[in-house]
Amino acid sequence: MAEQHDKPRWLKRLKKLMRSSDENDREKLKETLEKLKYKANELKAQLDDADTEEEKERLMKKWALVNKHRKKGMKKLLGDD
Amino acid sequence: MCRCGGLKSTSLLRNIRRRCGINWQAAYALRYVNYVMPSMFKRLFLIIGLLALLGSAWWSSDIQQIGAGVAIFLFGMLSMDEGFKTFTGGTLEKLLSVSTNKVWKSLGFGVLATTLVQSSSLVSVITISFLSSGLLELVQGIGIIFGANIGTTTGAWLVSAFGLKVNISAYAMPMLMVGVVLVMQSRKSLKGIGHILTGLGFLFLGIHFMKEGFDAFRGAIDLSAYAVSGWLGLLLFTLFGVVATVIMQSSHATLVLIITALASGQVTYENAIALAIGANIGTTITAIIGALGANAPGKQLAAAHLVFNGMTAIVALTLITPLIQLVEVLSGWLGFGAEDYTLKLSLFHTLFNVLGVVIMLPFIRGLASVLKKLIVDDRRQQLNLPASQPDRRTETVAPKFISDVVMHHPDIALSAIIEEITRMWDNAVAVMSYALYLNRKDLESEMPLDLALVNSEIHENTTDVDELYLRYIRPLNTAIIKATSNIPKPMSKTQDETVFALKLACRDLVNAVKDVKHLQKNVLKYHDHTNDDLARQYRTFRFQLASLLHNLQNILNYPDREEALLAFSEQQQMLLNSDIVRNGHLDNLIAGHKIPADTITSLMNDSQYCLDIGHRVLQMAQTLYWAHSGTPTTATRELVLDNDELSELTHG
C-alpha cells in the first residue's frame, strides 16, 4: 500500500489563506464555541468549589452569560447550515 | 493634505503663524517658500519637459519612436498596477501579515512582490502606505525595500535574456487583444487579469519600440561617440542615470532603456554600468518625493531607502573594477558570450544589489532605531488634560494616520481609519476624564478608582467641554467620516460591514462626549450638595462612568477574544443594572422624600445621560476591538448580546 503523506505545511497555510471569508468565519465560530464550552465547564467546576454565597452568585451569573453567548452562537451555526 | 487647498485658504497662514510663533509677513514668506514656489517649479518643469519632448520628436522620428516606447512601457506599468489592485479584499493584508513577521520573510516578500509586479517603486509606495497605516513595523518595511532592490534586477534579466532575443511584440499583440476583452468584463477578477495582461502587452510593446528606435537611431547618430571613459565617465553617467530615473519615475524603465541602448551599441558597457548605478539612486528620489506627503514612518522608510541605495552605489562605484572582473568570471561559468554585454550588465546589476543587501542586512535593526530617533513618530502620543486647571492649548488636532498616501488601497485605508479612530477614542477618554474632574493617569492606573475620585477636586476653573470637543474630537471625526466615504473600491463584504459599524460608533462617541458636558454641569452643582442622598447619587454617576472607562481601556488590550466578548457583556449588564429608573432607586429617593423635589427632573435626566454615555462608549469600544482583531472575527463579533438579550438574562 502506498505510504500516506501529510500535506506540506506551506500548502495547508496557503489553503487557509485562500479560503473565503465565509469559510473562515464558520471555522472561527466553531472554534469560539469550543472555547466558550470549555469556559462554561471551568466555571461550573469553580462554582462547585465556591466558598461563599456571594462568590457563587458571581460565578453563576458569569456561567449564565457564557451559556447565553453559546446559545446565540449555536443558533447562528445551525442557521447557516 | 491637499496643498492647493492650503494655498487658497487663510487657515494655512493661521496655522503657520501659530505653530512657528511668527508674524503675518513671515508667515506669508514661509508659505511662499514652502508651498507656492514648489508648485511654480513643478508647473515650469512640466512645460519645459513637454516642449523638450515635442521638440525632440519633431527633430527625429527615431527619438519619437524611443520616446513612444518609454511612454508605452510606463503606461503598461500603470495598467499592471491597476490589475494588481483588483486582487484585494484582505488578501494583500493577509499575505503581508504572514510573510513579513521576520526580516528574512519581509526580504523574500520584497523580492517576490517586485519580481511579480516588476516595479520597485510600486512596492515601496505600497510599503510606505502599509507603514503609514500601522500595518507594518519599520524593520519589516526596510526588509521589503531591501528585497525589492533585488527583485527589481529580475526585470533586467527578463529583458536581456528574453526581450532582446525574441520578437517580443509577437507576444504583446495577443496579450493586448485578450487583455482588452477581459478589461471590459464586469467580473472583478476577469477585469483584474485583463489589466495585468494589457499591462504586460504594453510593457513588451514598449520594449519593442525602444529596441527598434535605438536600432534606427544608430544609422543617424552614433551616441557611443559621446562615451566618456574613466572616473569622469563613471560619475557623469551615474548622474545621467539618476536624472533619467527621476524624470521617468521608474528605475525599471531606465534600465530597460539602458539595456536596449546597450544592445544597439549606443552606449558603452562601462557607461551602461554607471547608468544602472545611477538608476538605483534615482529610484530613491522617487520614493523621497512620494514620502514628502507621508507621515513619520513613510519618511523613515524613504530615508532608509536612500541610505541603502546610497551605500550600495558607493560600494559599487568604489569596487567597480573587482565587480566587473567578478562579472567576467561568472559570465564564463554561466556560458555568456564574450560580447553579450546586456546579460553581463544584468549580472552586474544583480551582483551589486545583492552585495548591498549582504552588507546592510546586519545593520537593519540599528538603522531602524537610528531613523526612529531622527524622524520621531508622535502619532500614538496620548492626550493629557490636567484636571486641576484649564487646558492652555489652542491648536486643533489634525489626522495623523489618514493621509492621501494611504487612500490608494482598501486594506491600507481601512487600517489607517481604524488607527485614527483609536486616536479619537483616546482623545475622547482624555476629554471625558477631564469632564469628570479626573486625570487620565488616575483613570488608567491600578489604584482604586474611588480613592482617585475622593482625591480629585471638583472646581469651576475648567475648559468648556465643547471647546475641547472642537479641539480634539471634531477634526478627527470629520477626517474619519470623509475617509470612510473615499475608501477605494472594491471592498469585501466584511470590510463594508466594518466601515458601517465604525461610522455608527464614531457618531456614538461624538454624542457621548457632548453628553458628558451636560452631566459635568450638574456634577459640579450637586457633587457636594448638602443633601447627602443627592450628592451620593452624583458621586455614583461619576464613579460608574469612570469605572466603565477604566474597564474598557483594560478590555481593549485583552489578547483573548472570548474573554473580551464576555467582559464587554458584563460591562453592558452592569450598565443596565445601574439604571436608577429601572432598578427602582429613583422611586425610593422620591417616595422617601430623600431628595429635594426641584432636583428630581435633573436627576432623572442625568441618569439617562449617564446611561447613554455608557452605552455609546461601550459601543465604540466593542466596535474598535473587533475592527482591530481583523477580518476573520465576524463570527465572534456576531455573538455580542444586545440589551434585550441581556435583560432576559437578568430578569429571567
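The following legends describe close-up views of a predicted model.

**View 1. Overview of chain A.** Chain A contains three helices and zero strands. Read from the N terminus, its elements follow the order α-α-α. Of the 81 residues in chain A, 26% are buried. Among the contacts in this chain that link residues at least 6 apart in sequence, 55% are between residues at least 24 apart.

View 2. In soluble globular proteins, nonpolar side chains tend to be buried together.

**View 3. Surroundings of B:Ile142.** When residues up to four places away in sequence are not counted, B:Ile142 touches B:Leu301, B:Ala304, B:Ile364, B:Leu367 and B:Ala368.

**View 4. Packing of helices α19 and α23 of chain B.** The angle between α19(B) and α23(B) is about 15 degrees, and their axes are 11 Å apart. The two helices are therefore roughly parallel to each other, since angles under 35 degrees count as such. Their crossing is left-handed. From α19(B), the residues making the contact include B:Pro410, B:Leu414, B:Ile418, B:Ile421, B:Trp425 and B:Met432. Among their counterparts in α23(B) are B:Gln495, B:Val499, B:Leu502, B:Cys506, B:Leu509 and B:Val513.

**View 5. B:Asp508 in helix α23 of chain B.** B:Asp508 is located in helix α23 (residues 493-526). Its relative accessibility is 18%, and B:Asp508 therefore counts as buried, the limit being under 20%. Leaving aside neighbours within four places in sequence, B:Asp508 contacts B:Arg616 and B:Gln619.

**View 6. The loop that holds B:Lys489.** B:Lys489 is found in the loop between α22 (465-485) and α23 of chain B. With a relative accessibility of 60%, B:Lys489 counts as exposed. Although B:Lys489 and B:Pro410 are 79 residues apart in sequence, their C-alpha atoms are 6.5 Å apart in space. B:Pro410 is also among the α19(B) residues that make the contact with α23(B).

**View 7. Packing of helices α6 and α8 of chain B.** Helix α6 (residues 103-117) packs against helix α8 (residues 138-151) at an angle of about 40 degrees, with the axes 6 Å apart. These helices are therefore oblique to each other. The crossing of α6(B) and α8(B) is right-handed. Residues of α6(B) at this contact include B:Val103, B:Ser106, B:Leu107, B:Phe109 and B:Gly110. Those of α8(B) include B:Val139, B:Gln140, B:Gly143, B:Ile144 and B:Phe146.

**View 8. B:Val242 in helix α12 of chain B.** B:Val242 is part of helix α12 (residues 230-248). At 12% relative accessibility, this valine counts as buried. Not counting residues up to four places away in sequence, B:Val242 touches B:Gly278, B:Ala279, B:Ile281, B:Gly282 and B:Ile285. The C-alpha atom of B:Val242 is separated by 9.2 Å from that of B:Thr254, and the two residues are 12 apart along the chain.

**View 9. Two residues with positive phi in loops of chain B.** Most residues other than glycine have a negative phi. B:Tyr437, in contrast, has a positive phi near 60 degrees. B:Tyr437 lies in the loop between α19 and α20 (440-444), and its relative accessible area of 1% makes it buried. B:His593 is likewise not a glycine and has a positive phi of about 50 degrees. The loop between α26 (585-591) and α27 (600-629) contains B:His593, which is exposed, with a relative accessible area of 71%.

Notes. Residues numbered from 1 in each chain as written. Chains lettered and ligands numbered in written order. Predicted model: local features only at pLDDT ≥ 70, side-chain atom pairs only at ≥ 80, totals over all residues. Heavy atoms only, no water. Helix = DSSP H or I, 4+ residues; strand = E, 2+ residues; numbered from the N terminus. Buried < 20%, exposed > 50% of the residue type's maximum accessible area, 1.4 Å probe, protein only. Contact = heavy atoms within 4.5 Å. Axes fitted to C-alpha atoms, helices over the stretch in contact; angles between N-to-C directions. Parallel < 35°, antiparallel > 145°, perpendicular 65-115°, else oblique. Left-handed = near helix turned anticlockwise from the far one by under 90°.
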